[in-house]
Amino acid sequence: MANAPDNKLTSSSSELDLDRPNLEDYLPSGSMQEPRGKLRLRDLLDISPTLTEAAGAIVDDSFTRCFKSNPPEPWNWNVYLFPLWCLGVVIRYGILFPTRVLVLTLGWIIFLSSFIPVHFLLKGNDKLRKKLERCLVELICSFFVASWTGVVKYHGPRPSRRPKQVFVANHTSMIDFIVLEQMTAFAVIMQKHPGWVGLLQSTILESVGCIWFNRTEAKDREIVARKLRDHVQGADNNPLLIFPEGTCVNNHYTVMFKKGAFELGCTVCPIAIKYNKIFVDAFWNSKKQSFTMHLLQLMTSWAVVCDVWYLEPQTLKPGETPIEFAERVRDIISLRAGLKKVPWDGYLKYSRPSPKHREQKQQIFADSVLRRLEEK
């Protein structure tokens, strides 16, 4: 298992500067050099860092890039490659896809024919029932991975059930849970979903102790926080898995980690997941694509290739706040998976910035303009 170094935390402003585009690259030549006596664009941008930040956001902001799926560049652009591409389409849709559907259907038949009797007939023997249900959930997740021709390489020791520990991982798609679950039956905290995914959440996945929340319900936060504290205390409970980013990010960046997993007073075990985009982009853009369509995309690709690293457990250091602890663990995961850190809250994907945040930016802008006028 790779030992992640304990790097110093960088400021959010320096992270943003590293990811900010160079505006001069997007402007016509000579636009930054106007005759003396005229207002130059550089003078306008120098009035305030806020204006520079706003102009950079218009050109290409680092927040939007975290949730953007970049389509692969076409390679079937000439007469030699186009027949090969057509042959690939026939193989993927005419041979691989039906075979994978058959494998997944067979997996569900085996799973349901075993899970239903175990769930209802062994209610008097909870220990044996939970053990069998854990094995069956791992089995159906393995069938899911097989239906994508998943090539997953695990690095480090396999997680074990121990009290007072929580596992945290970066989040690219809901298949992260499936990839990790086929190795270890985790209890996961996850956003509630509608449709057939919601049905699975409320029936099968509850058998491994999963906890659901609705990010639009404020009261859910208190309920979930209490359930998390109770879960990590139980020695017999399945290991708890949390995706602290709170949303799917495109496997090039990591957004801010929520502090909930880092204030439970227990050991935090980081997991880094990195997908190889050579065959398919595993990022799930839930605002543009249903999970069913996402699965179809994976099942009609050549393969899903990824690496999973189980990293060294971390504990809260003396004098360290939960927020600093979360950033330190994010550093470890980002470094191992080769992801770029950005200082954004992933929940901004679903909601507008708070009035307090806007007023703070407005005040900074007003102060900078006033200072500039006083200098003149």
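Trainee: What makes β8 a strand that is largely enclosed by the rest of the structure?

Mentor: Six of the seven residues of β8 are buried, so this strand is largely enclosed by the rest of the structure. Buried here means under 20% relative accessible area, exposed means over 50%, and partly exposed lies in between, with a 1.4 Å probe and only protein chains considered. Please keep in mind that this is a predicted model, in which local features need pLDDT of at least 70 and side-chain atom pairs count only at pLDDT 80 or more, whereas totals for chains, interfaces and linings use all residues. Residues are numbered from 1 along each chain as its sequence is written, and side-chain values use heavy atoms, with hydrogens and water left out.

Trainee: How many helices and strands does the protein have, and what counts as one?

Mentor: The protein has 12 helices and nine strands. Both are DSSP runs numbered from the N terminus, a helix being H or I over at least four residues and a strand being E over at least two. Of the 376 residues, 41% count as buried.

Trainee: Which strands pair with β8, and in what sense?

Mentor: β1 and β8 pair in the parallel sense over six bridges, while β7 and β8 pair in the antiparallel sense over six bridges. Two strands are said to pair if DSSP finds at least two bridges between them, and the six bridges between β1 and β8 meet that requirement. Within these pairings, Val 152 stands opposite Cys 306 in β8, and Lys 274 has Asp 307 in β8 as its bridge partner.

Trainee: Why do β1 and β4 stand at the edges of the sheet?

Mentor: Seven strands form an open sheet in the order β1-β8-β7-β2-β5-β3-β4, and the pairing is mixed. β1 (150-155) and β4 (211-213) each have a single partner strand, so one side of each is left without a neighbour in the sheet. Neighbouring strands of this sheet are turned by 25° against each other on average, with direction ignored. Further inside that order, β2 (residues 165-169) and β7 (residues 267-276) pair in the parallel sense over five bridges, and Phe 167 has Cys 269 in β7 as its bridge partner.

Trainee: Which helix lies across β2, β7 and β8?

Mentor: Helix α11 (residues 322-337) lies across these strands, running at about 30° to β7.

Trainee: How are α5 and α6 oriented to each other, and how do you know?

Mentor: The axes of α5 (residues 81-121) and α6 (residues 126-147) come within 9 Å and cross at roughly 170°, and that makes α5 roughly antiparallel to α6. Axes are lines fitted to C-alpha atoms, for helices over the stretch in contact, and the angles run from 0 to 180 degrees between N-to-C directions. Angles under 35 degrees count as roughly parallel, over 145 as roughly antiparallel, 65 to 115 as roughly perpendicular and the rest as oblique. Among the residues of α5 that meet α6 are Trp 108 and Phe 115, and those on the α6 side include Leu 136 and Phe 143; contact means heavy atoms within 4.5 Å.

Trainee: Is Thr 300 buried or exposed, and how do you know?

Mentor: At 10% relative accessibility, Thr 300 counts as buried. Thr 300 lies in the loop between α10 and β8 and touches Arg 92, Tyr 93, Phe 97 and Arg 100, not counting residues up to four places away in sequence.

Trainee: What is noted about the phi of Thr 149 and of Asn 251?

Mentor: Thr 149 has a positive phi of about 50° although it is not a glycine, and phi of Asn 251 is near 70°, again a positive value in a residue other than glycine. Thr 149, in the loop between α6 and β1, counts as partly exposed at 34% relative accessibility. Asn 251, in the loop between β5 (240-242) and β6 (253-254), counts as buried at 5%.
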